[in-house]
Amino acid sequence: MHSRVSSHRLTGTPLRSRIATLMLVMFATVASLYVAGRLWQDAESRVYLVEELDRRTGQGQSAISVDDTLKIIACREQQKKLSALEMELAAAKKDGFVLKYSTGNHGTRPKKKLLFVIGIMTTFGHRINRDAIRKAWMPTGAGLKKLEDEKGVVVRFIIGRSPNRGDGLDRDIDAENGQTNDLVILDDHVESSEWLPKKTKLFFAHAAERWDAEFYTKVNDDVYVNIDGLGAILAAHLDKPRVYIGCMKSGEVFSDPSHKWYEPDWWKFGDGKSYFQHASGEIFAISQPLAQFISINRSILCTYAHDDVSAGSWFVGLDVKHVNEGKLCCSSWSSGAICAAV
């Protein structure tokens with residue numbers, strides 16, 4: 001009985017040993033095949049890259065290593081990304097994105113920042129107004145450059161183009177500007193009294209892009225201005241980052257189409273039909289960040305029937321300091337006023 005049990009043990013041990021050996025061999029074979037397959041795939045990828053490089057460069061044989069090939073491909077991917085970014089930047093500039101100012105004086109001292117820019121809104125048929133301003137308070141010829149260099153003030157008339165592009169009105173304005181060199185002609189704006197709010201918006205956008213100044217001022221061409229007095233008022237607010245300065249007012253919104261001050265969008269102002277606080281359109285000033293805000297967002301900023309209301313609406317909801325400056329109330333002929341409407 002004892003010998004039979006021992007015989008079974010002796011015959012079972014070699015069997016288990018052979019099974020374990022067979023399993024080990026199978027595992028080793030599978031592992032070898034897996035490693036060989038991966039090496040083959042890597043080799044095929046490298047051969048493909050070399051052949052692709054040869055095909056693109058037109059060489060029969062390539063002396064460039066696979067690592068160099070991978071670097072070239074990575075560079076091409078970066079070039080594609082750079083091209084895409086350049087396209088996005090071009091689109092942003094078209095929409096009004098303001099780049100950091102470039103003076104154009106490479107290698108020389110940067111240009112001193114201006115104190116303020118005055119844009120005088122004018123139109124066709126107002127040559128008498130412009131000439132009167134040139135004689136009264138706006139320098140001409142070399143005086144414009146002197147005013148800019150010595151006091152940091154730029155003054156220009158702002159006008160658009162005729163609805164009939166290139167007609168006698170356009171030619172007269174071009175001829176006048178050729179003599180005086182004191183007009184900014186907005187080529188993308190058609191001159192019309194109904195589109196004055198849009199013209200005001202385009203002026204601030206254009207001025208913010210063209211001149212690096214602390215403030216930008218809009219003036220009508222029937223207003224006389226004391227430039228030194230205006231400069232003193234604006235300089236007092238240099239410590240405010242976002243400031244809107246003018247003769248602040250409010251008033252009734254008129255929904256009757258026959259009324260002189262009819263507002264087609266009257267329903268937007270609620271049941272009370274009263275305008276929010278805004279500066280009188282005869283003259284008002286905004287600081288540089290606000291002008292840049294207008295420049296960047298010009299395509300989505302709403303305009304109303306009147307330019308003063310439109311300008312005020314652009315700053316509703318922004319962290320802006322509204323300054324009610326009595327000296328800019330030109331129509332009231334108040335004591336100490338630095339402007340007068342005629």
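**Reading the core and the charged pairs**

Q: Which residues touch the most other members of the largest nonpolar core?
A: In soluble globular proteins, nonpolar side chains tend to be buried together. This model is predicted. Its largest nonpolar core has 35 residues, and Phe-116, Trp-137, Val-155 and Leu-230 touch the most other members. Another core, of 28 residues, lies apart from it; Phe-203 and Ala-311 are among its members.

Q: What is Leu-230 in contact with, leaving aside neighbours within four places in sequence?
A: Its contacts are Phe-116, Ile-118, Thr-217, Val-225, Ile-283, Leu-328 and Ile-338.

Q: How many salt bridges are there?
A: Side chains of opposite charge can pair when their charged atoms come close. Here the count is 19. Take Asp-182 and Arg-134, paired at 2.7 Å, N to O. Asp-182 sits in the loop between helix 5 and strand 3 (183-190), and Arg-134 in helix 3, 48 residues apart. Asp-182 is buried, at 1% relative accessible area. Arg-134 also counts as buried, because its relative accessibility is 10%.

Q: Are Asp-212 and Lys-113 buried or partly exposed?
A: Asp-212 is partly exposed at 26%, and Lys-113 is partly exposed at 33%. Their side chains form a salt bridge at 4.0 Å, N to O.

Q: Which side chain of opposite charge is nearest to Asp-167?
A: Arg-171, 6.2 Å away. Asp-167 is buried yet has no salt bridge. A polar atom of its side chain lies 3.1 Å from the backbone nitrogen of Leu-169. Asp-167 is in the loop between strand 2 (153-161) and helix 5 (168-180).

Conventions. Residues numbered from 1 in each chain as written. Predicted model: local features only at pLDDT ≥ 70, side-chain atom pairs only at ≥ 80, totals over all residues. Heavy atoms only, no water. Core = buried A, V, L, I, M, F, W, Y, C linked by side-chain atoms within 4.5 Å. Buried < 20%, exposed > 50% of the residue type's maximum accessible area, 1.4 Å probe, protein only. Contact = heavy atoms within 4.5 Å. Helix = DSSP H or I, 4+ residues; strand = E, 2+ residues; numbered from the N terminus. Lys, Arg positive; Asp, Glu negative; His and termini not counted. Polar contact = N/O pair within 3.5 Å; in protein donor to acceptor, adjacent residues only side chain to side chain.
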